[in-house]
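Here are a few notes to read alongside the model. Have a look at it first, and then we can go through the points together.

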Amino acid sequence: MSEPARTRIGVAIDIPEPWGSLLTRRRAEAGDPQAAYTPAHVTLLGPTEVDGDALPAVEKHLEAIAAAQPPFTIHLRGTGTFRPITEVVFVTLARGISECELLAEAITRSQDVRRDTRFPYHPHVTVAQDVSPEALDAVFEELADFSASFEVASFTLFSHGGEGPWRPRRDFPLGR
């Protein structure tokens with residue numbers, strides 16, 4: 001099966017249950033249409049166009065990164081916002097920040113992954129974006145006391161064809 005000339009990929013850490021569905025549901029309740037397409041996650045590589053024929057090399061690069069990173073703990077706690085720069089409310093990472101930063105930086109070292117970013121990388125879980133200020137405020141307040149800790153044993157490569165939800169393409173176990 002040949003890959004398309006260009007494909008959109010992303011790399012993320014899924015938020016496990018019961019917290020993943022809770023955060024995704026809260027995002028939907030805020031009126032954020034992306035909740036239907038993007039389950040709760042910590043982004044390691046945001047949406048990025050790559051050559052389809054480069055995907056095997058990208059996957060090999062991700063394998064090496066995952067093998068070098070032992071499993072680690074993420075502790076989500078409280079809320080933050082990027083306002084007034086962007087209309088985003090998120091759940092913050094109290095633990096696991098440096099591991100996510102190291103993974104994100106290593107992923108972009110691939111010669112096949114070229115990504116121009118508008119902002120510095122900041123690991124977080126988006127819970128409302130581009131909704132009314134009232135909805136942003138409500139999510140910020142409602143999740144201010146949110147707390148969850150979980151072990152990260154893998155990250156996932158996703159692909160997107162331009163319509164519908166992001167599709168998991170492959171999981172990469174850590175520390176192998």
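Predicted model: local features only at pLDDT ≥ 70, side-chain atom pairs only at ≥ 80, totals over all residues.

Which strands does helix 3 (residues 97-107) lie across?

1. Helix 3 lies across strand 1, strand 2 and strand 7.

2. Four strands make up an open sheet, in the order 2-1-7-8, and their pairing is antiparallel. Strand 2 (41-51) and strand 8 (167-173) are the edge strands, each pairing on one side only. From one strand to the next, the twist averages 25 degrees.

3. Helix 2 (residues 55-68) also packs on this sheet, where it touches strand 1, strand 2, strand 7 and strand 8. The direction of helix 2 makes about 40 degrees with that of strand 8.

4. A handy place to start is Ala12, whose bridge partner in strand 7 is Thr156.

5. Lastly, the aromatics. There are three aromatic pairs in the structure. One of them is Trp19 with Phe150, a stacked pair at 6.3 Å centre to centre, with 25 degrees between the planes. This pair links distant parts of the chain, as Trp19 sits in helix 1 (residues 19-29) and Phe150 in strand 6 (residues 147-152), 131 residues apart.

6. Are the two partners buried or exposed? Trp19 counts as partly exposed because its relative accessibility is 24%, whereas Phe150 is buried, with a relative accessible area of 7%.

Note on methods. Residues numbered from 1 in each chain as written. Heavy atoms only, no water. Pairing = 2+ DSSP bridges. Helix = DSSP H or I, 4+ residues; strand = E, 2+ residues; numbered from the N terminus. Axes fitted to C-alpha atoms, helices over the stretch in contact; angles between N-to-C directions. Contact = heavy atoms within 4.5 Å. Phe/Tyr/Trp six-rings, centres within 6.5 Å; stacked < 30°, edge-to-face > 60°. Buried < 20%, exposed > 50% of the residue type's maximum accessible area, 1.4 Å probe, protein only.
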